[in-house]
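Welcome! Take a moment to look over the protein shown here, and then we will walk through it part by part.

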Amino acid sequence: VKPSEVRSLIQPRRPPAPHGVRRLARCYSIDDLRRVARRRLPAAALAYLEGGGEDEYTLRRNRDGFDEVELVPRVLCDVARIDTTTELFGATLPAPIVLAPVGAPRLFHHEGELAVARAAGRAGLPYAISTVSTFSIEQVAAEASGPLWFQLYLWSDRDAARELISRARAAGYTTLLVTVDTAVRSKRERELRAGVTLPSPTLSARSVLEGAIHPSWWWKFLTSDVITFPNLVTPRAAGTLGGTDELGSGLGTLCWDDLGWIREAWPGPVVLKGIFSVDDARRAVDVGMDGVVVSNHGGRQLDHVAATIDALPRIVDVVGDQLTVLLDSGIRRGTDVVTALALGARAVLVGRAHLYGLAAGGEGGVAHALDILTEELRLALALTGCTRIDEVDATLVRRR
Ligand SMILES: Cc1cc2nc3c(=O)[nH]c(=O)nc-3n(C[C@H](O)[C@H](O)[C@H](O)COP(=O)(O)O)c2cc1C
């Protein structure tokens with residue numbers, strides 16, 4: 001045996017770079033992307049991405065909740081062809097996955113929403129942009145090739161909110177997501193300890209020191225345009241919505257009565273994001289909503305609420321035949337998607353799962369995160385004996 005032959009046998013083969021980004025090559029799961037993201041981001045950005053409210057009980061519960069549900073596979077089914085397409089609000093999607101709205105994603109990658117919109121568009125999955133996005137409604141629409149949803153935060157100035165809604169309509173957004181679990185911003189101690197200064201990211205002595213440890217992030221941060229919230233700078237909204245104090249804290253005047261005029265202002269589906277109680281879900285039906293997202297904001301708002309996967313079945317039982325129930329908070333795997341569907345969700349929203357990809361590799365990183373989730377979903381369907389999304393039902397899960 002020649003030495004060269006032995007060498008060729010033991011030489012570690014380098015996996016191909018997904019979407020042209022070398023550092024993603026050994027990322028096989030969302031958790032692998034998270035490890036790369038954690039290396040690349042400075043402490044304050046990481047605290048903003050990963051942190052939750054107060055003791056972070058709910059943040060942990062969201063994951064533990066999934067661990068307490070087990071799948072019950074069906075075997076000996078012909079699963080040679082798997083079809084993950086899904087009907088959602090009249091649209092056909094390649095998978096029951098929506099990219100959740102996130103404020104200030106430019107803190108994770110300088111291309112922020114533009115990178116996410118391009119990757120989501122390539123995958124054909126809807127992307128919900130946040131009111132507090134770092135590129136405008138129109139800029140994101142210009143980059144996106146897939147369906148766009150608009151997430152509305154409401155401050156006291158209703159006319160400014162109407163203006164945002166009509167801009168989103170004019171730019172071709174299809175679905176309005178009204179976030180209802182942020183009456184005030186919660187106390188996020190991880191962010192406080194890391195010196196997060198949102199909504200206006202600033203340089204502190206500590207952050208300058210951090211520049212030495214995360215040079216590429218800082219280089220992009222310092223050489224890109226200053227982070228702003230362009231949706232809030234409209235002729236009417238300037239100085240009202242744009243007031244940074246309000247942005248960081250009190251949103252608190254949105255009430256059930258507002259849903260009447262919001263419903264009238266938006267011709268497409270209106271969905272309440274952050275519904276947790278059965279009574280509120282019933283009221284959502286009464287005021288003519290098309291859907292609700294069972295969400296605790298990824299454990300970032302009120303601490304000590306339950307995992308969303310635990311809250312889901314009761315809400316589906318009561319309103320599932322009257323409106324579309326979605327779920328978010330804690331989705332990291334294809335099996336999580338199947339679990340949520342089996343317990344009655346029609347689709348899921350993913351927040352941090354796509355953000356880890358964004359931080360790890362920009363547009364390519366988000367595309368890789370979506371590839372991982374959709375491929376895992378296909379595997380989970382095949383291994384539970386399902387060939388289509390509508391074959392997923394409650395017989396596939398049991399509580400531990
Ligand atoms: C960094 C970050 C910023 C967020 N900003 C918003 C926002 O502007 N509007 C909103 O409705 N939800 C926001 N959310 C909540 C997400 O839309 C979603 O509910 C949550 O991330 C789901 O949990 P997951 O991250 O475990 O998937 C944010 C979440 C994160 C992680």
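## The largest pocket

How much space lies in the largest pocket? The answer is about 480 Å³. A word on terms: on a 1 Å grid over the protein atoms alone, a pocket is an open set of points where a 1.4 Å probe fits, with protein on both sides within 12 Å along at least five of seven lines, and lining residues have an atom within 4 Å of a point. Grid points are joined across faces, edges and corners, and the volume is the space filled by probe spheres set on the points. Keep in mind that this is a predicted model, in which local features need pLDDT of at least 70 and side-chain atom pairs count only at pLDDT 80 or more, while totals for chains, interfaces and linings use all residues. Residues are numbered from 1 along each chain as its sequence is written, and side-chain values use heavy atoms, with hydrogens and water left out.

The lining of the largest pocket is made of 25 residues, and Val180, Asp181, Thr182, Gly274 and Asp280 lie nearest its centre. Strand E8 (residues 270-275) gives the largest share of this lining, three residues. Helices (H or I, at least four residues) and strands (E, at least two) are DSSP runs, numbered from the N terminus. Sorted by class, the lining has 14 nonpolar, nine polar and two charged residues. Here Ala, Val, Leu, Ile, Met, Phe, Trp, Tyr, Cys and Pro count as nonpolar, Asp, Glu, Lys and Arg as charged, and the others, Gly among them, as polar.

## The second largest pocket

The second largest pocket holds about 380 Å³ of space. Its lining has 17 residues, with Arg34, Glu50, Arg63, Arg332 and Tyr356 nearest the centre. Two or more lining residues come from each of helix H2 (30-40), helix H4 (57-67) and helix H16 (352-383). H4 provides the largest share, four residues. What classes of residue make up this lining? There are three nonpolar, four polar and 10 charged residues.

## A strand inside the structure

Now turn to strand E6 (residues 148-152). Five of its five residues are buried, so E6 is largely enclosed by the rest of the structure. Buried means under 20% relative accessible area, exposed means over 50%, and partly exposed lies in between (1.4 Å probe, protein chains only). Leu148, Phe150 and Leu152 point one way from E6, while Trp149 and Gln151 point the other way.

E6 has neighbours to pair with; two strands pair if DSSP finds at least two bridges between them. Strand E5 (residues 127-129) runs parallel to E6 and is joined to it by three bridges, with alanine 128 opposite tryptophan 149. Strand E7 (residues 175-179) also pairs with E6 in the parallel sense, over four bridges, and glutamine 151 has leucine 177 of E7 as its bridge partner. From E6 the chain crosses through helix H7 (residues 158-170) to E7 in a right-handed β-α-β crossover. Right-handed says that, with the strands pointing away from the viewer, the path from the first strand over the helix to the second runs clockwise. E5, helix H6 (residues 137-143) and E6 make a right-handed β-α-β unit as well.

## Two residues with positive phi

Leucine 76 has a positive phi of about 60° although it is not a glycine. You will find leucine 76 in the loop between strand E1 (69-71) and strand E2 (86-88). Alanine 104 is not a glycine either, and its phi is positive at about 55°. Its loop runs between strand E4 (97-99) and helix H5 (112-123).

Is each of these residues buried or exposed? Leucine 76 is exposed, with a relative accessible area of 88%, whereas alanine 104 is buried, at 3%.

## Salt bridges

The structure holds 29 salt bridges, each one a side-chain nitrogen of Lys or Arg within 4 Å of a carboxyl oxygen of Asp or Glu. In helix H2, aspartate 31 meets arginine 34 in a salt bridge (3.8 Å, N to O); being three residues apart, they are separated by about one helical turn. Aspartate 31 also meets arginine 35 (3.6 Å, N to O). Asp31, Asp32, Arg34, Arg35, Arg38 and Glu50 are linked in a network of salt bridges.

Another salt bridge joins the side chains of arginine 118 and glutamate 363 (3.1 Å, N to O). Arginine 118 lies in helix H5 and glutamate 363 in helix H16, so this pair ties together parts that are 245 residues apart in sequence.
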